[in-house]
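Where do charged side chains pair up in a folded chain, and what surrounds them when they do? The paragraphs below follow a few such pairs through the structure.

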Amino acid sequence: MTANASARAIKPELLRTYTEDFNKDRANLIAADAAVSAGVLKAATDYRGVRALPRDFSIELKQGSITNQERSGRCWMFASLNTLRYELMHRWNLEDFEFSETYLFFWDAMEKSNTYLENVLRTLDEATDSRLFEAINESPADDGGWWQMFAALVNKYGLVPKSAYPESENSRNSDDFKQYLNSKLREFAAELRRRSVAGASEDELRALKDEYMGTVYRICAVALGEPPEKFDFFARPKDDDEDNKGSACKCKAEADADGKAESCKCGESCKCEGKSDAKACKCDKDRSDKPKTGKDERPQIREIGITPLEFYKKYVPVDVNDFATLANAPLKNRPFNQRYRIRFSANVAEAGDMEFVNVPLDVFKKAALDQLTAGHPIWFACDCTQFALRKDGFFDQSVVRVDQLFGTEFTGDKAHGLEYGDSPSNHAMTFTGVNLDEDGKPNRWKVENSWGKDAGKDGYYVMSDAWFDRYVTELIIRKEYLDDATRALLTTEPVELDPWQPLTRRCR
């Protein structure tokens with residue numbers, strides 16, 4: 001061994017020192033027993049941190065049933081659809097509702113495949129080992145994405161309820177489907193590049209690409225089934241009287257000083273009006289006298305042969321284009337109050353690349369609070385792996401005390417996590433609540449996840465405000481809740497970023 005090689009090696013005498021020091025400390029032995037037996041996260045869980053994050057919130061939105069992306073990378077799609085279904089449910093007074101995630105998954109696979117081949121045609125002069133081509137070629141039609149990819153798909157293809165296009169084995173567990181789709185796309189890319197070198201024209205190459213897309217469609221249709229062009233939709237709004245049946249009339253409780261009830265909550269003209277001694281509302285009695293048949297008498301919403309775009313425009317009371325992407329990335333080379341665009345990041349080729357506005361934390365957080373306070377959920381992206389308990393449903397560094405377990409502090413800040421790739425945005429979820437302290441400041445956030453109801457507490461997580469500051473990097477905010485200065489940034493000339501730089505990773 002040369003002297004230089006010896007200097008680089010782990011020296012035996014140092015190993016003896018390491019093991020002696022380890023065994024001298026009783027805390028190391030206890031920590032090792034716990035971690036080896038139960039795993040790092042269980043061994044590091046601090047019960048005091050858990051108790052400091054109760055699951056009640058001063059602002060809380062009533063959402064539908066928890067959803068489950070299962071073994072797929074569709075979190076961004078689930079989080080997006082969860083924000084829209086909340087608006088649809090409350091607009092049409094539905095007890096529950098779920099959009100078809102598979103419908104958008106089909107079209108996302110098609111659009112990403114097309115954009116990948118278009119990007120190959122745009123970079124025919126690039127070597128296959130260039131940094132740009134490697135970024136394009138890394139995952140041609142993978143599952144991941146952002147809100148703006150979702151918006152592009154909805155604008156082009158609309159939306160359908162889950163009943164019109166349910167889950168399949170390959171949407172629930174997408175690895176095999178995407179593995180062979182990506183393999184075929186890379187074969188197509190190699191052939192396009194070979195034909196280009198042989199002298200094929202741009203028109204000839206694009207005609208070949210169109211032929212290839214026929215194969216892509218066949219793969220997607222075999223794996224997922226063909227998506228519907230039209231479908232029937234049926235729903236029943238909630239019966240608002242259900243909660244009041246069998247209860248005493250509110251007329252008496254709300255009677256004025258003269259004993260006259262001015263309005264009845266029964267939903268029709270009340271026969272109790274003017275009677276101060278009304279103990280039970282006659283409206284309820286009248287209903288109870290009607291023969292019960294078991295027939296569901298609630299009103300119906302029925303659509304026969306509606307298209308996905310018609311359904312979106314008629315039943316979803318928000319426009320996916322009325323949202324902006326805010327980022328909080330405290331990087332020296334990403335100044336705040338600037339609009340950015342990520343090259344080669346589109347899924348729908350003609351829709352354009354992904355954009356965001358980078359803002360300071362106070363602006364970032366205020367936008368989130370304003371939107372939640374107004375009664376609207378929020379799509380957000382974060383690193384879901386850091387200081388997180390997936391099974392128990394906590395995001396908090398005071399709960400996952402790996403610093404105590406390993407006897408070393410973890411001091412990296414948000415800028416470090418982004419610059420060194422230690423905490424990129426890798427998962428999208430939905431904020432559906434926040435708790436404000438006596439000073440009106442947030443101390444914990446309610447998170448709707450898409451990992452099923454067995455993850456977290458019935459599918460929901462609680463996040464400390466300190467964790468929000470450190471690991472939440474992107475918010476999708478309705479433009480009406482942006483301050484004037486931030487809204488003005490949406491029309492400024494963007495700074496272009498390369499597809500391998502921080503904040504370019506797709507959420508899965």
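In what follows, a residue is called buried when its relative accessible area is under 20% and exposed when that area is over 50%, with partly exposed covering the range in between. The model under discussion is a predicted one.

Side chains of opposite charge can pair when their charged atoms come close. A search of the whole structure finds 37 salt bridges, and a few of them are taken up here.

One of these pairs is Lys156 with Glu111, whose closest N and O atoms are 2.8 Å apart. Because Lys156 belongs to helix α9 (residues 147-157) and Glu111 to helix α7 (residues 101-122), the pair ties together parts that are 45 residues apart in sequence. The two partners can also be described by their accessibility: Lys156, at 34% relative accessibility, counts as partly exposed, whereas Glu111 has a relative accessible area of 4% and is therefore buried.

A further salt bridge joins Lys365 to Asp465, again with the closest N and O atoms 2.8 Å apart. This pair links distant parts of the chain, since Lys365 sits in helix α16 (residues 361-373) and Asp465 in helix α19 (residues 465-471), 100 residues apart. Both Lys365 and Asp465 are buried.

Salt bridges can also share partners, and in this way Asp108, Lys112, Asp142, Arg506 and Arg508 are joined into one network.

Finally, Arg48 forms a salt bridge with Asp46, where the closest N and O atoms lie 3.2 Å apart; Asp46 has a relative accessible area of 7%, and so it counts as buried.

Terms used
Residues are numbered from 1 along each chain as its sequence is written. This is a predicted model: local features need pLDDT of at least 70, side-chain atom pairs count only at pLDDT 80 or more; totals for chains, interfaces and linings use all residues. Side-chain values use heavy atoms; hydrogens and water are left out. A salt bridge is a side-chain nitrogen of Lys or Arg within 4 Å of a carboxyl oxygen of Asp or Glu. Buried means under 20% relative accessible area, exposed over 50%, partly exposed in between (1.4 Å probe, protein chains only). Helices (H or I, at least four residues) and strands (E, at least two) are DSSP runs, numbered from the N terminus.
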